[in-house]
Every structure is written in structure tokens, then in C-alpha cells.
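Hi,

Here is the structure I promised to pass on. Have a look first, and then read my notes on what turned up.

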Amino acid sequence: MENIDWAHLGFGYRKTDYNIRCYYRDGAWGELEISSSEFINIHMAATALHYGQEAFEGLKAFRGRDGKVRVFRMEENAKRLQSSSDGIMMAKLPTEKFEKAIELAVRMNIKYVPPYESGASLYIRPLLIGTGPEVGVKPAKEYLFVVFVMPVGPYFPQGFKPTDLVILRHFDRAAPYGTGKYKVGGNYAASLTAGHKAHAEGYSAVLYLDAREKKYIDECGPANFFGIRDNTYITPKSESILPSITNNSLMTLAEELGLIVERRKVPVEELETMEEVGACGTAAVISPIKRIYDADLDKEYLYGQEPGMWSTKLYNKLRAIQYGDEPDKYGWTTIVE
Ligand code: PLP
Ligand code: COI
């Protein structure tokens, strides 16, 4: 293992020692297998390659001050992968098998879980793909589930420093009755051009509006959106956004901190009245936002240059649970030994 500069890791692929695989054949899931190859060998007519029959997940493991490694809310990721599987007709992986695979992937690569002091974490990427050959448009009969891991730092290079978002009204990532609520590759393919444009213009992500009316906020690139106003945590309710496990956790923590939580349609004009706004997700954690530019309307919304009080409290509380600095009273973490 090469020397890793834990404190300055970015978010990107990095080889670790092992990955876990499980095959679905003849209507049943096989045993978990440990592999040290970074490659998979699949049929050229696999449905994942032609018709986008693939879904993935993202979760993290954290090394605490006590040296213990905790995985955050993996049962929720198991359920979301099952929901994605339903959404695009893939074989569903049972929760128990999913959790065993995650624990094994972390245990086999335990030396890659960054030290507590670095503030970095181990990103876990489960992937489910249709591997069976089909040339007519239909679901595969065979599937492969893979879990790989890599140590990571912040997704947005600024970390917990406010960044800028852009609204690009001529791009959508998902349709109103489409696949936006599933974590399937097609949504990410659909977001590449807008994402590239945003990055090229210096923004960290695109803030998507609802595709039907362009009236309400959906989500920001690979993260959910939240705003805070009058002691209230406000986050969009939409059929075309991914139900973020981080956002779900923050809603619980916001209530614990004494905020009111509102999950509802959020008209874009409400950005005017928000005191703090942020993006949240496994990779993004909480990324505070200092400016949102509505490019087609040439209109901007400005927020603090430093993270706001509530965003900071929420960030600290979430991290404290993840790193084991605070008691895990919601039972969100699983210790891997
Ligand atoms: N929205 C999208 C489109 C995402 O890709 C992600 C990342 O997983 C999120 C939201 C945040 O979800 P979570 O907090 O479960 O990571
Ligand atoms: C995550 O937060 O886990 C994501 O999946 C974000 C992105 C890397 C797709």
C-alpha cells in the first residue's frame, strides 16, 4: 500500500485490495465472493451496457477516535437499492446479503479506512448490473452485484466551505414520472452535459428545478437541497429526486436541535427568503451554498460567505454520530471488526 496523504484526499477512484461480488443466476443469488481484480468480464450484449440496467449506491465508513470503524445507515442503502431494482426491473438483493457484502468489503480493506484525525472516510460503492444478454428491450435474467471501496476526502473541493450553484433551465436530469427517485446510471448520464457546463463556469453543481413547470426546486447535482429560515429546515418533496439518506438523517437531527422540519414543494422564489442553503448527500456531506445563479433569468441569490449557524450545527452533529463522538441513539451505525 502506497503512502496515502489522508488529510488531502479528494473524491476519486483509488484502488484498494479487494472487492466483493455476488452473482444472480437461474433465479437465485449465489455466495459472496472476494476478488482482487478491478475488472469484470461480461457479455457484450449485457443489458447494463445497452439499456442502462444498472443501479448503484454510495455510503461511508468512518474510523472513530476509539479506533472503531462504523458504517453509516447501510440498511437504508440496501432498501434503496431494492427500490432502484424494482424501478428498472432488476433482481433484488436481500438486505442481509447487501449488509454482509458491505461489512466484508470494509473488513477486507480495513487499512484503507482513514485515521480519525484526517477527517476523511472510506467511500463504499455497491453496484448492481444486468449481465445477461438481451437484444430485445427487456430485463436480463442474470445480474452481478459488486462492492468496492476507496478512501475519500470531500466531494466538492471546498469541503465545508460555501460554494456556488447554477440553475440551468434548459436541462433536466429526470422526467416527472421518470426514474429520478431511483439511483440508476441513466439519471447521471442525463446530468453530465449540464454538470460539465456548470463546472466549466465555476459552479460546483447544477440546481435542478422540477421538469414539468420549472417552478419548484428539485435537487442539486448529486445531492439533495435544503434551506433554513425562521428556525425551520425546509427541503423539497418531489417524485423526481433521490430520497437522500443524509437528508433524512438531517431532518431527524434538525428536529432534535429544535428546528421545525418542512418537506414540501419549494417554489424557486423562496430562495430569496432563505437564511442558509446547502446541498447534502453521502459524498457532499453538507456543502453550504453562498450563491445561486439562475442563468436564464440572469438573477442571483446571495448567502453568507461562511457556513451558517444551523448548517454548522447540523454538520457537526451528523459527523459526531458518524465518527462515534456522540452516542448513536438512533442506531444508525454498524461497527465492523
Ligand atoms: N441526490 C442524488 C442525485 C445523489 O446522487 C445523491 C447521492 O447519493 C444524493 C441525492 C444524496 O443521497 P444520500 O444522502 O443517500 O447519499
Ligand atoms: C453519493 O453521495 O454517494 C453519490 O453517489 C454522489 C455521486 C458521487 C454520484
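The chain is split into domain 1 (6–152) and domain 2 (163–322), with bounds that come from an automatic or database domain assignment. Keep in mind that this is a predicted model, where local features need pLDDT of at least 70, side-chain atom pairs count only at pLDDT 80 or more, and totals for chains, interfaces and linings use all residues. Residues are numbered from 1 along each chain as its sequence is written, and side-chain values use heavy atoms, with hydrogens and water left out.

Taken over C-alpha atoms, the centres of domain 1 and domain 2 lie 25 Å apart. Their contact (heavy atoms within 4.5 Å) takes 21 residues from domain 1 and 19 residues from domain 2.

How much area do domain 1 and domain 2 bury between them? It's about 1700 Å², 62% of it on carbon and sulfur atoms. Buried area here is the accessible area (1.4 Å probe) that two parts lose on being put together, summed over both. On the domain 1 side, Phe 56, Phe 72 and Arg 80 supply 35% of the area buried against domain 2, more than any other three residues.

As for salt bridges (a side-chain nitrogen of Lys or Arg within 4 Å of a carboxyl oxygen of Asp or Glu), the rule finds 0 across the interface of domain 1 and domain 2.

Cheers

Notes:
Chains lettered and ligands numbered in written order.
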